[in-house]
Amino acid sequence: PVGIGLAAIGSGIGLGGIGNGAMQAIGRQPEAAGTIQINMIIVAALAEALTIYAFVTMFLLSGKIQ
C-alpha cells in the first residue's frame, strides 16, 4: 500500500510538471497549441501508466495474484 501511495504522489507531481510545462509552452507559442496538447496527453498517459504498473507489481509481490 505504501508503494502505491508513493507512486501516486510521484505521478501527481509529474503530471503537474507536465501540465505546467505545456501551459508555458502554449503561452509562448499559441499557434502550436494543438501539437503541444497532443504531446502533453501522450506523456501524461505514460506517467499515469507507471502508477498502474506499481499497482499491479504491488499485488504480484504481495501474493494476492497467483
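Residues are numbered from 1 along each chain as its sequence is written, and side-chain values use heavy atoms, with hydrogens and water left out. Because the model is predicted, local features need pLDDT of at least 70 and side-chain atom pairs count only at pLDDT 80 or more, while totals for chains, interfaces and linings use all residues.

Helix α1 covers residues 2–28 and helix α2 covers residues 33–62; helices here are DSSP runs (H or I, at least four residues), numbered from the N terminus. The expected span of a helix is 1.5 Å times one less than its number of residues. For the 27 residues of α1 this gives 39 Å, in agreement with the 39 Å between its end C-alpha atoms. Just after α2, G63 takes a positive phi of about 85°.

The two helices pack at an angle of about 175°, with their axes 9 Å apart. Axes are lines fitted to C-alpha atoms, for helices over the stretch in contact, and angles run from 0 to 180 degrees between N-to-C directions. Helices α1 and α2 are therefore roughly antiparallel to each other, a term applied to angles over 145 degrees.

Contact (heavy atoms within 4.5 Å) between the helices involves I4, A7, A8, S11, L15, I18, G19, A22, M23, A25 and I26 on the α1 side. On the α2 side, the residues are A33, I36, Q37, M40, V43, A44, A47, E48, T51, A54, F55 and M58. The residues of this contact divide into 18 nonpolar, four polar and one charged. In this division Ala, Val, Leu, Ile, Met, Phe, Trp, Tyr, Cys and Pro count as nonpolar, Asp, Glu, Lys and Arg as charged, and the others, Gly among them, as polar.

Burial was assigned from relative accessible area (buried under 20%, exposed over 50%, partly exposed in between; 1.4 Å probe, protein chains only). In α1, I4, A7, S11, A22 and I26 are buried, and the buried residues of this helix pack against α2. In α2, the buried residues are A33, I36, A47, A49 and T51; what covers them includes α1.

S11, in α1, is buried with a relative accessible area of 7%. Not counting residues up to four places away in sequence, S11 touches A47, E48 and T51. T51, in α2, is buried with a relative accessible area of 12%. With the same exclusion of residues up to four places away, T51 touches A7, A8 and S11.

A49, also in helix α2, counts as buried at 19% relative accessibility. The C-alpha atoms of A49 and S62, 13 residues apart along the chain, are separated by 20 Å. I13, in helix α1, is exposed, with a relative accessible area of 61%. Its C-alpha atom is separated by 15 Å from that of I52, 39 residues apart along the chain.

How values were computed. Parallel < 35°, antiparallel > 145°, perpendicular 65-115°, else oblique.
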